[in-house]
Amino acid sequence: MSLGQELAPHLPFLRRYARALTGSQTHGDAFVRATLEAIVASPEDFPKDVDPRLGLYRTFHAIWSTANIEEGDEPGDPGSLGPEGIAQARLSRITPMSRQALLLTSLEGFSSEDAAFLIGVDSADVDSLVAEALAEIERQTHADVLIIEDEP
């Protein structure tokens, strides 16, 4: 089976991940395209000692981590956004490493060990990064409520 045939089933999932990571369909798809171009240009550099899915995501991360892109506009008022917009606004406020760890483990279903391989940290660090991301989301969704009753 060719490398292209091995990678093809994983491309829709990589696109989903890239879009969630970058916060933009345009940026996400551009990184996926750059990943595929890098693989085609230099197939001998593609990791052969791991599962093709891991190799694909590892190549993506190598490209994404070295890119110097400007972040998009600051998300607008969360009240004016739909559910997806609110989720994306909250994700965009999480540090990049924590966001990667959270998305890789929760969205893509990678184990902590696989996520650690992909982003180049220890698996214990992945667990810490995920906990940090979840704590940040919790801080963003925490609200104080004061109920004033005007009747005795």
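**Confidence first**

I looked up the scores: the protein chain averages a pLDDT of 83, and 80% of the residues score at least 70. (pLDDT is the predictor's confidence in each residue, from 0 to 100.) Over residues 70–79 the pLDDT is below 50, and this stretch has five contacts in the model beyond near neighbours in sequence; contact means heavy atoms within 4.5 Å. Where pLDDT is low, the predicted coordinates should not be read in detail.

Ground rules for my notes: this is a predicted model, local features need pLDDT of at least 70, side-chain atom pairs count only at pLDDT 80 or more, and totals for chains, interfaces and linings use all residues. Residues are numbered from 1 along each chain as its sequence is written, and side-chain values use heavy atoms, with hydrogens and water left out.

**Overall layout**

I find eight helices and zero strands in the protein chain. (Helices are DSSP runs of H or I, at least four residues, and strands are runs of E, at least two, numbered from the N terminus.) Of the 152 residues, 33% count as buried. My cut-offs here are buried under 20% relative accessible area, exposed over 50% and partly exposed in between, with a 1.4 Å probe and protein chains only. I also checked contacts between residues at least 6 apart in sequence: 64% of them join residues at least 24 apart.

**The core**

Which residues have the most contacts inside the largest nonpolar core? They are Leu-14, Tyr-17, Tyr-57, Phe-60, Leu-104 and Val-126, in a core of 29 residues. At least two core residues each come from α2 (11–22), α3 (25–41), α4 (52–66), α6 (96–107), α7 (112–119) and α8 (123–141). In soluble globular proteins, nonpolar side chains tend to be buried together.

**Helix α2**

I checked the length of α2: its 12 residues should span 16 Å at 1.5 Å a residue, and the end C-alpha atoms are 16 Å apart, which agrees. (The expected span is 1.5 Å times one less than the number of residues.) Its buried residues are Leu-14, Tyr-17, Ala-18, Ala-20, Leu-21 and Thr-22. Leaving aside neighbours within four places in sequence, I see Leu-14 in contact with Val-32, Leu-56, Tyr-57 and Phe-60. Just after the helix, Gly-23 takes a positive phi of about 80 degrees.

**Helix α4**

I repeated the length check on α4, where 15 residues should span 21 Å and the end C-alpha atoms are 21 Å apart, so that agrees too. The N-terminal end is capped by Asp-51, with a side-chain oxygen 3.1 Å from the backbone nitrogen of Arg-53. Buried residues of α4 include Leu-56, Tyr-57, Phe-60, His-61 and Trp-64. Among the elements covering the buried residues of α4, I noted α1 (3–7), α2, α3, α6 and α7.

Thr-59 is found in this helix, α4. Is Thr-59 buried or exposed? It counts as buried, because its relative accessible area is 15%. Its side chain reaches the backbone oxygen of Gly-55 at 2.8 Å. Setting aside neighbours within four places in sequence, Thr-59 is in contact with Thr-35, Ile-39, Phe-46 and Pro-47.

**A loop glutamate**

Glu-108 lies in the loop between α6 and α7. I have Glu-108 down as buried, because its relative accessibility is 6%. A polar contact of 2.9 Å joins the side chains of Glu-108 and Tyr-57. (That means a pair of N or O atoms within 3.5 Å; within protein, one must be able to donate a hydrogen and the other to accept it, and residues adjacent in sequence count only if both atoms are side-chain atoms.) Not counting residues up to four places away in sequence, Glu-108 touches Phe-13, Arg-16, Tyr-17, Arg-53, Tyr-57 and Leu-103.

Leu-129 lies in α8 and is buried, with a relative accessible area of 13%. The C-alpha atoms of Leu-129 and Ala-101 are separated by 6.2 Å, though 28 residues apart along the chain.

Definitions and conventions:
Core = buried A, V, L, I, M, F, W, Y, C linked by side-chain atoms within 4.5 Å.
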